[in-house]
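Subject: Structure handover

Hi,

Here is the structure for your files. My notes on it follow below.

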Amino acid sequence: MTVARWSGPALVVAGVGILIILILRDPADRGVIAGWIVSDAAAPARLLPLIGLAAASALVPASFALAGLAVFSAGVLLGSLELALLLATLGALPGAESHLFFTFPISSVAAGLVLLAPSAIRQWLLPLAALIAGAVLAVATKITDPTLHDPAIFVTGVVVAVWTLVAVGLTVRGFRRPWFSIPARILGSWLVAIGVLFGGAALLARPPLPELPPAQPTEALPVPPPEDAFPDLAPPRRDPLDLGADGLREP
Amino acid sequence: MWSRKTDERCSWRQLPWKWLVALVFLIPIGRVEAHPNILMNYRVLLNFQNHKIDAIGESWTFDQTFSQTLLDTFDTNHDGKFDTEESSKMGDTVLANLADADYFTYLWSGPERVEDLVPSNFTATLARGVVTFAFTMVLPSPISPAHVRLEIKDPDFVVLPEPTEQQPVLVRGDTGDCVPKVSDAPDAFDFSGAFPQDQITVRCN
């Protein structure tokens with residue numbers, strides 16, 4: 001019982017400790033994945049809805065909480081497999097591409113509504129919110145990938161999310177009191193309000209800008225000149241069409 | 001006394017909203033993030049043999065930020081350039097990761113998608129602060145240029161590939177009277193112009 005009670009706080013302490021170590025490291029020495037954890041995977045916008053969802057899962061029977069975690073995983077899988085469809089759907093909203101396709105407000109409102117719901121309904125709303133949160137987490141993870149599709153980024157994003165759900169969920173469940181439903185509703189109302197405010201502010205139509213002078217052309221990337229575009233496909237220059245046994249060949 | 005109590009009650013009633021406002025403005029949850037993350041200029045080489053396209057070459061040049069990421073990751077001896085071993089390791093890693101994204105290369109011959117394109121001869125060079133990849137793809141069988149359509153795109157919308165301003169398509173070999181053309185891809189979902197998608201076709205007279 002003691003182990004079950006303190007396993008959540010232990011995970012929280014371990015997670016926060018790892019995050020602090022990563023934050024304190026020189027950004028130049030962090031590496032790509034650690035830098036992405038600090039800037040994206042463990043950013044408040046990513047963790048806040050998960051914390052809300054975890055708190056909600058701690059207020060329902062354990063079987064529903066486990067089902068919620070399983071459905072969250074299914075949502076991650078769904079979001080990963082149907083990324084193009086989700087991006088096309090969310091991309092229809094104005095400003096979507098500059099607001100992470102509204103992944104934060106969607107998951108925030110979903111988690112908040114579960115916390116706000118009456119106890120009898122909460123356990124049935126949890127899987128639906130978990131599915132939505134999982135799917136948008138997959139979208140947010142994929143579109144903030146700082147690499148060329150390194151699978152380690154996606155795995156890391158999912159691990160951070162599941163760690164947060166389990167750590168916070170076990171902590172709240174281990175120390176649960178009857179009056180927890182009151183702060184749960186306060187947290188829920190905050191999540192809904194923050195999600196609506198953030199999403200609404202991004203969606204609000206902006207007044208047209210005054211006529212501006214023509215924009216200066218942006219500096220193009222220093223692309224190699226055409227004759228140097230394929231250096232290894234055409235060596236040596238004296239015979240630029242001999243492109244090697246496995247490369248391009250000239251008749 | 002009564003007045004003070006009233007003030008305290010007002011204060012407590014307002015407190016959650018003060019916290020809400022503080023959360024909205026102080027926590028960087030509203031950070032606006034523009035996408036895509038990585039900008040890439042590409043140039044394509046179409047190789048002709050017997051009036052058919054039998055291979056393509058691609059050259060990708062990345063923006064300074066991502067180029068620095070590549071340098072930090074793969075320039076293991078920190079000499080500011082990629083030697084053969086580093087370039088080879090980068091090619092193995094990057095191309096393995098891009099296999100599921102079809103190496104951003106989507107080629108059609110008429111209505112049929114040309115699949116099983118495998119890159120080879122990968123090289124990475126660093127010049128003027130940007131990294132350029134170059135590699136070759138030999139087609140499984142030569143295809144007629146008149147019906148070819150090529151799109152360079154990232155299905156996850158993380159990378160924004162754009163053709164180079166100057167000579168985005170080069171041709172080599174027995175081209176006959178075929179001329180490449182870059183145009184807007186039809187039916188491409190471009191997020192209201194945020195992700196413009198181009199296609200390369202060949203016009204033969």
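pLDDT is the predictor's confidence in each residue, from 0 to 100. This is a predicted model, so to speak for itself: local features need pLDDT of at least 70, side-chain atom pairs count only at pLDDT 80 or more, and totals for chains, interfaces and linings use all residues. Residues are numbered from 1 along each chain as its sequence is written, with chains lettered from A and ligands numbered from 1 in the order in which they are written.Confidence comes next. The complex has an ipTM of 0.77 and a pTM of 0.81 from the predictor. Chain B averages a pLDDT of 83, and 79% of its residues score at least 70. Residues 1–10 of chain B fall below 50.

Now the packing. Helices are DSSP runs (H or I, at least four residues), numbered from the N terminus. In chain A, the axes of H6 (residues 83–90) and H8 (residues 119–143) come within 10 Å and cross at roughly 90°. Axes are lines fitted to C-alpha atoms over the stretch in contact, with angles from 0 to 180 degrees between N-to-C directions. H6(A) is therefore roughly perpendicular to H8(A) (65 to 115 degrees). A:Leu83, A:Leu86 and A:Leu87 of H6(A) meet A:Ala135, A:Val139 and A:Lys142 of H8(A).

The largest nonpolar core has 99 residues. Such a core is a set of buried Ala, Val, Leu, Ile, Met, Phe, Trp, Tyr and Cys residues joined through C-beta atoms within 7 Å; buried means 20 or more other C-beta atoms within 10 Å of a residue's own. A:Leu53, A:Ala129 and A:Ala133 have the most contacts inside the core. H8(A) gives the most to it, with 13 residues.

Regards

Methods: Helices (H or I, at least four residues) and strands (E, at least two) are DSSP runs, numbered from the N terminus. Angles under 35 degrees count as roughly parallel, over 145 as roughly antiparallel, 65 to 115 as roughly perpendicular and the rest as oblique. Two residues are in contact if their C-beta atoms, placed from the backbone, lie within 7 Å. A residue is buried if 20 or more other C-beta atoms lie within 10 Å of its own, exposed if 12 or fewer, and partly exposed in between; C-beta atoms are placed from the backbone.
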